[in-house]
Amino acid sequence: MLILGIETSCDETSVAVVKNGREILSNIILSQNKLHRPFGGVVPEIACRAHLESIIGIIHNAVTEAKVKLADINAIAVVNSPGLIGALLIGVTAAKTLSMVFDIPLIAIHHLHAHIYANNLEHDAVSYPAISLVVSGGHTTLFLSEKETKHVVLGETIDDAAGEAFDKVSKILGLEYPGGPVIDKLAKKGNNKAIPFPRVYLEKNSLDFSFSGLKTAVLYYVKGQDLNRPKSTAQSNTDIADISASFQEAVIDVLVHKTVLASKRYNVRSILLGGGVAANSRLREKLQETSQEIRVPVYYPSIKLCTDNAAMVAGLAYWKYLEGDISGLHIEAIP
Ligand code: KG4
Ligand code: ZN
C-alpha cells in the first residue's frame, strides 16, 4: 500500500512516499527558512509563491527517490488544515489534480494529527490511550489520543504558541529565525535559574497554555521600561545565554507540568510529543525524566520528523484509508 503525502501548511514544501504507514521510501523537505529569515518570521505571501514554484519538482523527486511511478500510488494524502490559507491551497490543489488525473483516492489530513503520528513512524510500542502534546510555531495543543486517527483536544494556547514565543524571543535578542534551534543551542551555555521568568499556569487544573506574558517579560528584561531604546541591554554572550536558558526553562516547566497533569488525569499508557518544538533538547530531557517518575513511557520523533514533513502525512493516511475515510475532490483548505 503506497501513499504519497503532501505538506505545504506553513514554510516547508514536502512530499513523501510511505509504504504501509511505516516504511518511508522518500521524504523530500524543502525549507523556506532562508527566504523568511530577513523578516524574522514567516511571510505568508512569500511562503505561497515558494510552494508554487517548487511543488511539482518536489513531487517528481519524491516519486523518483522512492523508485515508484505515480500510477503505482494507492492514495494521495494532503494536509488541508490548519495552516496558512494560501500555502495550504497550493498543496490541496496539487493533490486534487493528481487524484483526478491518475484516478487515485484523496485523503485529507489534519496537520497536528500528522505531527502526533510522526511517533508511530519510528516507534512500534506506542499504546493507547495516550496524551499527545503538539508544540509548533502555530500551535500548543494537548490531545487525548484514542488511536492513530482519533484525537480529542484537552487544552491549547490562549495566545502565542510555544514555538512562536521561541521565535519572538529570538528576535528580541537579535538572533536569527527560526528562534527555537538557536535558543536551544545557546541555552546549553547559560544558567536556567539566572532570571526568574514567570510560569503561567492559568486556573488550577487548566490544560490551556499562555506564553504571551512570558514573551513580554523577556522584552522588558532586555529593553528595560523604555521599549524605544535601540540597543538591547543584553550585551554579553553570557547575558544572552542566561536569558535563553531561563526563558526556555520557563516554557518547558509549563509544558511538562500540564502534560503530566493530563497523563495522570486520563490514566494513559503513553505520552507522545510532536511538532517543531519537540526537537528541543531540554524539553525531551525533562519530559523523559518526569515520565519515568510517573511510569508512563514518552515517545518523540527524531529531529527530522519533528518539524514539518510529508512522511507523517502519508503515514497517518494509511490508517484513514484502512478505516475507509476517503475525502473526495470537494475538500477545502481550512486556515
Ligand atoms: O512544526 P513546525 O516545523 O512548523 C509549524 O507547524 O509551525 O514548527 C516550527 C517551530 C518554530 O517556531 C521553531 O522555532 C520551533 O518549531 N523549533 C524549536 C526547535 N526547533 C524548531 N523550538 C525549540 N527548540 C528547538 N530545538
Ligand atoms: Zn507543523
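**Ground rules.** I number residues from 1 along each chain as its sequence is written, with chains lettered from A and ligands numbered from 1 in the order in which they are written. Because the model is predicted, local features need pLDDT of at least 70 and side-chain atom pairs count only at pLDDT 80 or more, while totals for chains, interfaces and linings use all residues, and side-chain values use heavy atoms, with hydrogens and water left out.

**Entry 1, the sheet.** I looked up helices (H or I, at least four residues) and strands (E, at least two), which are DSSP runs numbered from the N terminus, and I took two strands as paired if DSSP finds at least two bridges between them. Five strands form an open sheet with mixed pairing, in the order 8-7-6-9-10, and its edges are strand 8 (150-156) and strand 10 (298-299), each of which pairs on one side only. Strand 6 (residues 130-135) and strand 7 (residues 140-147) run antiparallel and are joined by six bridges, and I noted that Val135 has Thr140 of strand 7 as its bridge partner. Helix 9 (residues 281-294) packs on the sheet, where it touches strand 6, strand 9 and strand 10.

A nonpolar core here is a set of buried Ala, Val, Leu, Ile, Met, Phe, Trp, Tyr and Cys residues joined through side-chain atoms within 4.5 Å, where buried means under 20% relative accessible area, with a 1.4 Å probe and protein chains only. The largest core has 48 residues, and Leu4, Ile6, Val15, Ile73, Ile76 and Ile109 touch the most other members. Among the elements that each supply at least two residues are strand 1 (2-7), helix 2 (44-66) and helix 11 (311-322), and helix 11 gives the most, with seven residues. A second, separate core of 44 residues includes Ala162, Phe166, Ala278 and Cys306.

I found 20 residues around ligand 1 (a heavy atom within 4 Å), and the closest are Gly137, Asp167, Gly180, Asp184 and Asn280. A backbone N or O atom of Gly163 lies 3.2 Å from an oxygen atom of the ligand, and one of Gly276 lies 3.0 Å from an oxygen atom of the ligand. A side-chain N or O atom of Asn280 is 3.0 Å from a nitrogen atom of ligand 1.

Key
Contact = heavy atoms within 4.5 Å. Axes fitted to C-alpha atoms, helices over the stretch in contact; angles between N-to-C directions. Buried < 20%, exposed > 50% of the residue type's maximum accessible area, 1.4 Å probe, protein only. Polar contact = N/O pair within 3.5 Å; in protein donor to acceptor, adjacent residues only side chain to side chain.
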